[in-house]
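Hello,

Here is the structure I promised to pass on to you.

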Amino acid sequence: MKENSFVSTDDIRSAFSAAMSAMYRTEVPAYGTLMELVATVNAETLAADPAFKARLEDTDTLERISEERHGAIRLGTPAELSMMRRAFAVMGMYPVGYYDLSTAGVPVHSTAFRPVGDEALKRNPFRVFTSLLRLDLIDDMELRAEAEDILSRRQIFTPLAVALTEKAEHDGGLNKVDADRFVSEVLETFRWHDKANVSPAMYHRLHDAHRLIADVVSFKGPHINHLTPRTLDIDAIQARMPDYGIAPKAVVEGPPTRRCAILLRQTSFKALEEPVSFQAEDGSWQAGSHTARFGEIEQRGIALTPKGRALYDELLTASRKIVRPAADGSNAAEYEKALEQAFVDFPDTWAEIRIKGLGYFAYSLTEKGRRAGVVASTDIEGLIATGLVQFDPIVYEDFLPVSAAGIFQSNLGDDAAQEFVASPNQQRFEIDLGATVLNEFDHYAGIEQGSIDDCIRALSKLEAAE
Ligand code: OOG
Ligand code: NI
């Protein structure tokens with residue numbers, strides 16, 4: 001049968017993230033250095049804590065622990081965004097969440113294309129934080145029109161990448177030969193181009209309007225601007241980056257160090273200034289530079305409910321009212337202290353986080369529960385109290401707008417902060433995307449409820465009857 005010859009979307013995504021990693025390490029050697037540091041710290045953390053290692057062995061694939069978890073691109077037009085959605089779908093990546101970054105002074109709004117569902121995430125969790133430039137936030141109407149015109153003339157996908165995406169949509173998948181070709185063709189979209197699309201004068205005008213606009217409009221395609229492996233100890237890496245000759249951003253974004261990790265902590269090394277050339281009006285190439293690409297690391301904790309997230313946002317805002325982290329790192333220690341103090345109000349045991357309804361948990365039968373015989377109860381709390389059911393935190397697989405803005409800002413240069421009127425426009429984004437984005441809270445709530453239903457069904461021995 002034809003379907004049997006299709007490569008799974010998980011395998012296409014794995015091949016794609018491996019190809020992207022190899023390309024990026026060659027393009028940005030400092031990123032390779034960061035990967036070495038991550039592998040070293042992860043190995044040290046596991047060696048120092050055998051119990052933690054044993055726990056991870058049960059739930060994760062240890063040999064892939066230091067692999068990339070996400071990357072990011074910035075697109076210029078609605079057509080690019082909707083085509084990107086179609087290409088990512090071939091790899092089993094779907095838009096989850098809407099992030100408005102205008103409030104934080106970055107003229108983009110974004111989603112994350114990611115695998116959805118436990119199985120797919122375990123096979124390969126790679127996701128891409130994808131932003132769409134918002135020229136509507138640029139006051140200079142003339143520059144806006146010129147930028148639109150430049151963007152309308154570029155084609156960021158190769159003809160074969162488009163053809164293979166259409167083929168996958170039409171046939172319901174790709175065979176091995178086509179899948180390999182698809183990966184190498186789509187990779188082209190993410191490649192760095194050291195020859196800009198614009199003249200030096202235009203680059204400077206775009207750059208003066210906002211560095212991000214120059215980054216999106218001046219080039220042939222949306223070069224991958226960072227990749228992000230997972231670390232088991234983000235504080236250790238932040239502290240040791242300078243030993244490896246790489247400059248960390250001022251502070252770690254997200255919650256402070258805690259016993260029970262919540263949401264997402266991330267940090268990066270600062271974007272590098274790289275040589276590029278611009279074509280002058282007379283056709284000659286002129287040497288210049290552009291700063292866009294960096295490396296990042298992430299450490300993930302439990303997904304929070306809307307109530308937990310509101311508390312997180314409140315405490316983060318409170319700490320930033322006391323100390324706003326300066327881009328040069330001069331008040332990093334004060335910021336960390338303020339953050340830690342503010343988060344004293346966020347419970348730090350799983351039991352309390354659960355009882356207060358702050359986080360999402362996956363429920364499963366204990367050993368005792370598996371041997372219990374028929375128990376016809378729908379009272380999950382009772383089942384936990386009698387030791388038949390246990391709970392584990394569900395990992396947060398998405399992003400945080402304040403953190404994302406911090407990552408953007410630190411890599412756009414310390415003077416790039418700009419004020420925009422807050423103007424989230426999810427509806428516009430979804431029209432441009434050609435699809436709605438999945439609501440992350442609904443998604444986690446669904447996983448949690450599914451695990452409760454499974455426990456109750458298994459205990460009442462109902463599965464066989466269904
Ligand atoms: C994306 C920054 C956001 C994250 O991890 O929060 C991001 C960008 O710089 O394009 O990747
Ligand atoms: Ni990132």
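**Around ligand 1**

The shell around ligand 1 is made up of six nonpolar, four polar and two charged residues. Please keep in mind that this is a predicted model.

Here is who is who: the residues around the ligand are His70, Ala72, Arg74, Phe129, Asn225, His226, Gln266, Glu296, Phe399, Ala404, Ile407 and Phe408.

- Arginine 74, with a polar side-chain atom 2.8 Å from an oxygen atom of ligand 1
- Asparagine 225, where the separation is 3.0 Å
- Glutamate 296, where the separation is also 3.0 Å

How much of ligand 1 does the protein bury? Taken alone, the ligand exposes 320 Å², and the protein buries 100% of that. The space that ligand 1 takes up is the largest cavity. Strand S1 (68–75) and helix H17 (401–411) are the elements that each give two or more residues to the shell.

**Arginine 74 again**

Side chains of opposite charge can pair when their charged atoms come close. The whole structure has 32 salt bridges. One of them joins aspartate 215 to arginine 74, with 2.9 Å between the closest N and O atoms. Aspartate 215 belongs to helix H10 (residues 211–217) and arginine 74 to strand S1, so this pair ties together parts that are 141 residues apart in sequence.

Happy to talk any of this through.

Best wishes

How values were computed:
Residues are numbered from 1 along each chain as its sequence is written. Chains are lettered from A and ligands numbered from 1 in the order in which they are written. This is a predicted model: local features need pLDDT of at least 70, side-chain atom pairs count only at pLDDT 80 or more; totals for chains, interfaces and linings use all residues. Side-chain values use heavy atoms; hydrogens and water are left out. A residue is near a molecule or strand if one of its heavy atoms lies within 4 Å of it. A polar contact is a pair of N or O atoms within 3.5 Å; within protein, one must be able to donate a hydrogen and the other to accept it, and residues adjacent in sequence count only if both atoms are side-chain atoms. Accessible areas come from the Shrake-Rupley method with a 1.4 Å probe; for residues, only the protein chains shown count as cover. On a 1 Å grid over the protein atoms alone, a cavity is a set of points where a 1.4 Å probe fits but cannot get out, and a pocket is an open set with protein on both sides within 12 Å along at least five of seven lines; lining residues have an atom within 4 Å of a point. A molecule sits in a cavity or pocket if more than half of its atoms lie within 2 Å of its grid points. Helices (H or I, at least four residues) and strands (E, at least two) are DSSP runs, numbered from the N terminus. Ala, Val, Leu, Ile, Met, Phe, Trp, Tyr, Cys and Pro count as nonpolar, Asp, Glu, Lys and Arg as charged, and the others, Gly among them, as polar. A salt bridge is a side-chain nitrogen of Lys or Arg within 4 Å of a carboxyl oxygen of Asp or Glu.
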